[in-house]
Amino acid sequence: MTRPLLGCIADDFTGATDLANNLVRNGMRTVQTIGVPDGPLDATADAVVVALKSRTVPAAEAVEQSLAALRWLQAQGVQQIYFKYCSTFDSTPAGNIGPVTEALMDALGTDFTIATPAFPDNKRTVFKGYLFAGEGLLNESGMQNHPLTPMTDANLVRVLQAQTRRRVGLIDHTVVAQGEAAIRARIAELKSQGVAMAIVDAVSNADLLRLAPALKDLPLLTAGSGVAIGLPGNFGLTPSPQTAELPPARGRRAIVSGSCSVATNGQVADFIARGGQALALNPLRMAAGEPVAAEALAWAAGQLAGAPAAPVLIYSTAEPEAVRAIQGRLGVEEAGAMVERGIAAIAKGLVEQGVGQLLVAGGETSGACVQALGIAQLHIGAQIDPGVPWCHAVSPVAAQGLHLTLKSGNFGTPDFFTKAFGLLAEDAA
Ligand SMILES: Nc1ncnc2c1ncn2[C@@H]1O[C@H](COP(=O)(O)OP(=O)(O)O)[C@@H](O)[C@H]1O
Ligand SMILES: O=C(O)[C@@H](O)C(=O)COP(=O)(O)O
């Protein structure tokens, strides 16, 4: 078995499939593990993505999990490490991007790395160190209302500097536009000034492709998934159609959604407007210990028996005021964790009821669902929308195999919940 070339540590599960998707599409055979595996990698791959659920845990725990992932990746013989975080740089004021980056730098004995969440395919661009999400600045994009990681400053040099003792600098667009030699020269200049981490401007895929060759010798990269589009080329790999094949799909179709992003709110509304069958979860009833998950599963069983091909949607997705009201009653973390537990139990129950095609919306929500399903490894299939592929997994709960897509809160077109299923080839048997 050949050794993987690139070892990736993703701070959430949707982010991990997003990264794996970009690597696969650009020519790397990629395996995604859920958490740090107990034993050696049992597949041939050019890249391995270890999916952690470390974005919103306390910084010390995120560091510990990330270092465990690093040790395992090093034992598999990888040549370069990629720390993947969100394209909207999701983090609490205390971390975890800064602390995890520092810990990985120390462990790898390196004094410099880059940081850029740029992902132009999903309209995440970085200009003069400021992050734009869509047409406007990050802090005007809806991300200022995120339930767990509200982003209120678009200046990434400032955001990252607040999370680390090391100096943060900038490789700006005028340098990136000049290509590899200029970027390398700027890195040398920043290092001589004592800068350890540099935010990199990128407003297009062309910028990311110009950046990639200059990153060849860095032991550690930190980024959203965008930087990945140029990395396979650094290892002499080119896109190949076989890298994204999955078995045919089977079973019933369901969607669970715990994301409260602008995009997901729109996708829920669109699904309902098209006549989709949907059930809203009430977090206050969950908190009161009422059998919300059992009721939802009974509802889904009835719907799926009546119309087996039509997907059902079970969601806690809500607008910012409603989320704030729940958080005010239950506390921010408690509300998040409780809703995640409820949705994870529902996802598991749905698969036990014969759902074979499951769409999960939300990063933390996906982490909770994949863990409840006991999934250890995901195979990456075709892309539905930028950053969101179909995946396939086998687990004790899904012995016959499960097609799964983990949709980042912010990603996907408004009709995502409807169109995703239409893109899966069904088992003719
Ligand atoms: N109605 C709600 N009230 C309060 N918190 C909620 C509600 N619905 C979902 N949540 C929580 O909000 C968080 C959403 O995060 P996540 O799943 O990562 O979505 P996204 O991908 O949009 O960031 C989760 O912790 C989830 O449990
Ligand atoms: O980079 C991104 O935006 C995604 O890959 C990602 O990390 C998604 O996280 P959530 O928004 O929490 O789903």
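This note goes through the predicted model point by point, from the overall fold to the ligands and some local features.

1. Basis and numbering. The model is predicted: local features need pLDDT of at least 70, side-chain atom pairs count only at pLDDT 80 or more, and totals for chains, interfaces and linings use all residues. Residues are numbered from 1 along each chain as its sequence is written, while chains are lettered from A and ligands numbered from 1 in the order in which they are written.

2. Overall size. The C-alpha trace of the protein spans about 65 × 50 × 35 Å along its principal axes. The radius of gyration is 21 Å, which agrees with the value near 22 Å that a compact globule of 429 residues would have; this radius is taken over C-alpha atoms, and the globule rule is 2.2 Å times the number of residues to the power 0.38. Of the 429 residues, 55% count as buried. A residue is buried if 20 or more other C-beta atoms lie within 10 Å of its own, exposed if 12 or fewer, and partly exposed in between, with C-beta atoms placed from the backbone.

3. Secondary structure and annotation. The protein has 15 helices and 18 strands. Helices (H or I, at least four residues) and strands (E, at least two) are DSSP runs, numbered from the N terminus. An unreviewed UniProt entry lists residues 6-229 as "domain: Four-carbon acid sugar kinase N-terminal"; that span is 32% helix and 22% strand, with its end C-alpha atoms 13 Å apart. For residues 254-417 the unreviewed UniProt entry gives "domain: Four-carbon acid sugar kinase nucleotide binding". There the chain is 46% helix and 24% strand, and the end C-alpha atoms are 9 Å apart. UniProt positions are given in the numbering used here, feature names are shortened, and annotations may be inferred rather than shown by experiment.

4. Ligand 1. Ligand 1 is surrounded by 24 residues, of which Ser259, Gly336, Val339, Gly362 and Gly409 are the closest. Helices α12 (320-330), α13 (332-352) and α14 (363-372) are the elements that give two or more residues to this shell. A residue is near a molecule or strand if its C-beta atom, placed from the backbone, lies within 6 Å of it. By class, the shell around ligand 1 holds 10 nonpolar, 12 polar and 2 charged residues. Ala, Val, Leu, Ile, Met, Phe, Trp, Tyr, Cys and Pro count as nonpolar, Asp, Glu, Lys and Arg as charged, and the others, Gly among them, as polar.

5. Ligand 2. Around ligand 2 there are 15 residues, and Gly15, Asp18, Ser87, Gly363 and Ser408 come nearest. Its shell divides into 1 nonpolar, 12 polar and 2 charged residues. Helix α1 (residues 13-25) gives the most, with 3 residues. Domain 1 (6-240) and domain 2 (245-422) each supply at least three residues to the shell; these bounds come from an automatic or database domain assignment.

6. Strand β3. Is β3 (47-51) mostly covered or mostly open? It is mostly covered, with 5 of its 5 residues buried. Ala47, Val49 and Ala51 point one way from β3, and Val48 and Val50 point the other way. In a regular strand the side chains alternate between the two faces of the sheet. β3 pairs in the parallel sense with β1 (residues 6-10) over 5 bridges, and with β2 over 5 bridges in the parallel sense; two strands pair if DSSP finds at least two bridges between them. Valine 48 stands opposite glycine 7 and is also the bridge partner of valine 31.

7. A three-stranded sheet. An open sheet of 3 strands runs in the order β6-β7-β8 with antiparallel pairing. Its edge strands, β6 (124-127) and β8 (136-137), each pair on one side only. β7 (residues 130-133) and β8 pair over 2 bridges, and alanine 133 has glycine 136 in β8 as its bridge partner.

8. Backbone details to check. A cis peptide bond, with omega about 15 degrees, joins glycine 95 and asparagine 96; asparagine 96 lies in the loop between β4 (80-84) and α3 (97-108). Lysine 123, in the loop between β5 (113-116) and β6, has a positive phi of about 60 degrees although it is not a glycine. Lysine 128, in the loop between β6 and β7, has a positive phi of about 55 degrees. Lysine 128 is partly exposed, with 13 other C-beta atoms within 10 Å.
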